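Colleague: I would like a close look at one part of this model. Please take the charged side-chain pairs and walk me through them.

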Amino acid sequence: MDALAVARLQFAITTVYHFFFVPLTVGLGILVALMETLYVLRGDEVYKRMTKFWGKLFVINFAMGVVTGIVMEFQFGMNWSEYARFVGDIFGVPLAIEALLAFFLESTFLGIWIFGWDRVPKGVHAAAIWLVAIGSVFSAFWILVANSFMQEPVGYVLSNGRAEMVDFGALVTSLHVWIQFPHVLFAGVTTAGFFVLGISAYHLVKKSRGQEVFRRSFQMAVVYALAGSVLVGLIGHTQGQYLHEVQPMKLAAAEALWNTEQPASFSIFTLGDLSGKKEVFSIRIPGVVSLLTCNNLTCEVKGINDLQAEFVQKYGPGDYVPFLPITYWSFRAMVGSGLLMILLAGISLYLVLAGKMGQYPKFMKLLLWAIPLPYLANSNGWLLAEVGRQPWVVYGLMKTADGVSQVVSPGTMLFSLLTFTLVYGALMVVDIYLLAKYARKGVTEEEGESPQVSLTGGAVLEGEV
Amino acid sequence: MDLNTVWFVLVTVLFIGFFLLEGFDYGVGILLPFLGKDDTDRRVIINTIGPVWDGNEVWLITAGGAIFAAFPQWYATMFSGFYLALVLMLLALIGRGVGFEFRSKDRNPTWRALWDWLIFAGSLVPALLWGVAFGNLVRGVPIDANMQYVGSFWTLLNPYALLDGLAFVAIFGLHGAIFLSLKTKGELAERAHKAAMRFWLPAVVLIFAYVIASYFATDMFTRLGINPGPIPLGAGVALLATGWFIRQRHHGWAFVMTSLTIALSTITVTMGLYPRVMVSSLNPDWSLTIYNASSSPYTLRVMTIVALIFVPIVLLYQGWSYWIFRKRIGREDVLEY
């Protein structure tokens, strides 16, 4: 493998891995903050138990997000130093702001939240988790400002052999950001919704200690998951339409639309040859892609072949077609799991409203197994966004091949790739073990049905608190 | 002062914050296996930095982000050039970060021993590597006319830089021991005090050896002169005073002194560098400076405004969090980690 391939693979692995943790942090932070706010406002101990139970899982997940996040920041310089030289003037800014605005806020107030239960007043404690949640939302925003520049560069000029910022306002008000950001935000909400829904359902079926904790968690999570999944879908739809304008190749690649069509058909199932460059077999519904991209049945959607020809004319000879098997199937995996989540959340809401949560244990158990769905959608969403932009690292400005570090040998990179992959694999096992352990354990004695036992302070709490 | 210099100063400030705060975190991690006689002890030790270590680490992340934004060429050259060292550092930081969070979440002694070991190694390795990195920035590394690092991993491991690495470990160990003697009670605080006594002399020896080595290995002395002024001298005096305060059991003052040593030494190093950020050992003209490595004036302006607004806010709330957790921690307390 050459350095480029290794660097790309490493970026894919570390990014997708990092993004296993981030959406849950974003979504669950807000949800736990809501729970604690209810506790402060109503003084109802059940909400406190909810806060503590979900807070514990939040913290385990958060730690993984932090440590894998540092790798992301370093990686741009380590593997992609030519890219860093080219865009640092612009790209470094949101990264630095993210650290200054978001990371300090999250980490400092999470420390106060974890360790401050008995040290700060109730209201301050709830404010701390809100600040953590706000910090993680800020973090999502600024990293998406950075990513949006890669997807649709704005506010820059090319001078001194690099892209230089001329309009910071254009960067943060870019329409791309304001479509991508809510999409990711609600993906986080959905992830947390299904996480809480699945684990609550498990405990409701098992009739574990603290039924009230899980009943209310389930109710909150239903609303959260349904609102999140519907909104993420609607915004995703807008995003698709926007792609039609700014990155038509990504859209065509997601649809495996080889030739320009008017009206454009939607592929239900397309097989290509192994190179990903040619269609072998396809089942299509006429008009649907037109409907999805322009809200009518008749508009023209450009196909891959025409776009390729256009790009050759504009940017010179080269292959401007992303790797179709990934764009095509990641799009379907994302949308498919999204639709399935809307359905599951809808049914769950019906059960809550009809008061029938207890009558369908099989469905409730199914919800536990639905927890991977948002993760599947999140990962595939990023695969589509990043692979679909290829061969560009900054759309229209710099090709990925030109961004890779020149001084790092493929062997060194391979060593780092293998090391990180092994370490990440081991950590995933540990993380899932801990999450499952604490999720399964349910509310502990301390947080259980009985009133707070204040005698259990100190050494008794040692160990698995 | 032009904006390039402002950012050189700001990056220095970020590194001072990082070394001051993560300095004692690393020290605490390095001391963990030696001062923690049983599991409860080790938990107390970890809990002294429990609420703050993550916020402290953000100083590093922000320093990295600031270098990327203000001096992208520096960021690109250093991060691609110091590649394997950074892989090691990242692995260390990963093990240490999840170690804090995970170690007490299972009772299994092997589990806990494993994380304790990772916390120890994860504190020692970055402390050492930051020293090595800073040593190399000043000493100079092979950088060619295109700002590319053309050395190898082994180039970084020269005796001078390794000495710097050891000096970092010693001063962070000392800083951490004093911090622990301030934050713990009873027998553990006594052990921390003894550790501080024991760390002081090696720290003095290593740091003065490092200063002498700098005379031969770098151009620090030609640049700063024989009488380098109050800042480097202040660092030396503070380090010597640390020993006296420890002996007098004025741990608060001793902590102020190690803090001063760290801050003033960092400033000394950056004074020796200025206006360079990475010295080229091949040709002085190929060194990276705050001018040839910097972002555009517009970007520096935007970043300056952002920093002027948010750095004070961060300092305020981080200071407040230290105030909340100002109490000593004992074996009888509720231990979250």
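Let us start with one residue: is E57(B) buried or exposed?

Modeller: E57(B) is buried, at 0% relative accessibility. Here buried means under 20% relative accessible area, exposed means over 50%, and partly exposed lies in between, with a 1.4 Å probe and protein chains only.

A word on the ground rules. This is a predicted model, so local features need pLDDT of at least 70 and side-chain atom pairs count only at pLDDT 80 or more, while totals for chains, interfaces and linings use all residues. Residues are numbered from 1 along each chain as its sequence is written, chains are lettered from A and ligands numbered from 1 in the order in which they are written, and side-chain values use heavy atoms, with hydrogens and water left out.

The predictor gives the complex an ipTM of 0.94 and a pTM of 0.93. Chain B has an average pLDDT of 93, and 100% of its residues score at least 70. pLDDT is the predictor's confidence in each residue, from 0 to 100.

Now the partner. E57(B) forms a salt bridge with R96(B), at 2.9 Å from N to O. A salt bridge is a side-chain nitrogen of Lys or Arg within 4 Å of a carboxyl oxygen of Asp or Glu. R96(B) sits in helix α5 (residues 83-102) of chain B, and E57(B) in helix α3 (residues 53-70) of chain B. They are 39 residues apart, and the pair links distant parts of the chain. Helices (H or I, at least four residues) and strands (E, at least two) are DSSP runs, numbered from the N terminus. R96(B) is buried too, at 0% relative accessibility.

Chain B has another such pair. D116(B) and R103(B) form a salt bridge, with the closest N and O atoms 2.7 Å apart. D116(B) belongs to helix α6 (residues 109-139) of chain B, while R103(B) lies in the loop between α5 and α6. These two are 13 residues apart. D116(B) is buried at 9% relative accessibility, and R103(B) is buried at 0%.

Chain B also holds a network of salt bridges. It links D38(B), D41(B), E187(B), R191(B) and R331(B).

R162(A) bridges to D89(A), with the closest N and O atoms 3.9 Å apart. R162(A) lies in strand β2 (residues 162-165) and D89(A) in helix α3 (residues 81-115), so the pair ties together parts of chain A that are 73 residues apart in sequence. R162(A) is buried, with a relative accessible area of 9%. D89(A) is buried at 0%.

Over all chains, the count comes to 25 salt bridges.
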